[in-house]
Amino acid sequence: MPRKAKEYPEEGEFVVATVKSIHPYGAFLKLDEYPGKEGFMHISEVASTWVKNIRDHVKEGQKIVAKVIRVDPSKGHIDLSLKRVNQQQRKAKLQEYKRAQKAENLLKMAAEKIGKDFDTAWKEVWVPLEEEYGEVYAAFEDAAQNGMDVLKGIISDEWVEALKPIIEAYVEIPTVTIDAEFEITVPKPDGIEIIREALIRARDRANEEKEIDVKFSYQGAPRYRIDITAPDYYKAEEVLENIAEEILRVIKEAGGEATLIRKEKRIKKVKKRGS
């Protein structure tokens, strides 16, 4: 079970917790990421509406995402809220938790490879990487994308070498895909050929850049769709702007017109290393 490097959660933090016991006035929950720590959720923090029976909202053994609203380490008190967590926050926290589980499994593989127990791995790898990156899987993604040298100086060379084949085999590199459309017309007998050459030239030039993938598809005159996959949203936007500038210039010189139609749709995905 993934655990945090720090002893107590911070106020405002979202945590994964398991309902331990339920009482008429509230519930006690075990904090999954903080071994040995429990929190209390008052009945008034269970739902935004009046709660007649708390068991209509939570059950013993149920795993939930809660928000930390108060922490008193001197007394060991942690107050939690369920009603202050919206759907998007819950989804984001569960995604983070799943990433931590992946990181833990990969680190266990590395520890077994060099004959160390997980407690040692946690102290020597998990803690320093979490302090540097905020989460361990983000460190693994950075290493998968930019090479294992990014971890040197944070963890020992022994761990870097042990993790190298594991990260290369199992860690996925995050990418973002954005799409847009161009409306292009060139009122000449060879207008279609001019448009085709302009799109191919723009695509091939963009694809020369590492980890950039640009594809055009014909949507029916005069529309052409472009899909750009890049390591992050900002890079994808930069590539789109450069391509648009090039296409607009070429088409204008040919006596035609071109318009970029932006779309709100943003598709996030992951791409395996080497795929």
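This is a predicted model: local features need pLDDT of at least 70, side-chain atom pairs count only at pLDDT 80 or more; totals for chains, interfaces and linings use all residues.
Visitor: Thanks. So which residues does Ile167 touch?
Guide: Leaving out residues up to four places away in sequence, Ile167 touches Phe140, Ala143, Ala144, Met148 and Leu151.

Visitor: Let's follow Ala143. Which helix is Ala143 in?
Guide: Ala143 sits in helix α3. With residues up to four places away in sequence set aside, Ala143 touches Met148, Val150, Leu151 and Ile167.

Visitor: And is Ala143 buried or exposed?
Guide: Ala143 counts as buried, because its relative accessibility is 3% and the cut-off for buried is under 20%.

Visitor: How far is Ala143 from Val160, going by C-alpha atoms?
Guide: Their C-alpha atoms are separated by 9.6 Å, and the two residues are 17 apart along the chain.

Visitor: Let's zoom out to the core. How many residues are in the largest nonpolar core?
Guide: That core has 30 residues, and Phe140, Leu151, Leu163 and Ile167 have the most contacts inside it.

Visitor: Which helices supply at least two residues each to this core?
Guide: Those are α1 (87-114), α2 (118-133), α3 (136-146) and α4 (157-170). The largest share of this core, seven residues, comes from α2.

Visitor: What about a second core?
Guide: A separate core of 27 residues includes Phe182, Ile195, Ile228 and Leu240.

Visitor: Nice. How many helices and strands does the protein have?
Guide: There are six helices and nine strands in the protein.

Visitor: New topic, the overall dimensions. What is the radius of gyration of the protein?
Guide: The protein has 26 Å, whereas a compact globule of 275 residues would be near 19 Å. The C-alpha trace spans about 80 × 55 × 25 Å along its principal axes.

Visitor: And what percentage of the residues count as buried?
Guide: Of the 275 residues, 41% count as buried.

Visitor: What about charges? How many positive and negative side chains are there?
Guide: The protein carries 48 positive and 51 negative side chains, and the centres of the two sets are 5 Å apart.

Visitor: Last one: what share of the contacts join residues at least 24 apart in sequence?
Guide: That share is 64%, taken among contacts between residues at least 6 apart in sequence.

Note on methods. Residues are numbered from 1 along each chain as its sequence is written. Side-chain values use heavy atoms; hydrogens and water are left out. Helices (H or I, at least four residues) and strands (E, at least two) are DSSP runs, numbered from the N terminus. The radius of gyration is taken over C-alpha atoms; the globule rule is 2.2 Å times the number of residues to the power 0.38. Buried means under 20% relative accessible area, exposed over 50%, partly exposed in between (1.4 Å probe, protein chains only). Contact means heavy atoms within 4.5 Å. Lys and Arg count as positive and Asp and Glu as negative; His and the chain ends are not counted. The place of a charge is taken as NZ of Lys, CZ of Arg, CG of Asp or CD of Glu. A nonpolar core is a set of buried Ala, Val, Leu, Ile, Met, Phe, Trp, Tyr and Cys residues joined through side-chain atoms within 4.5 Å.
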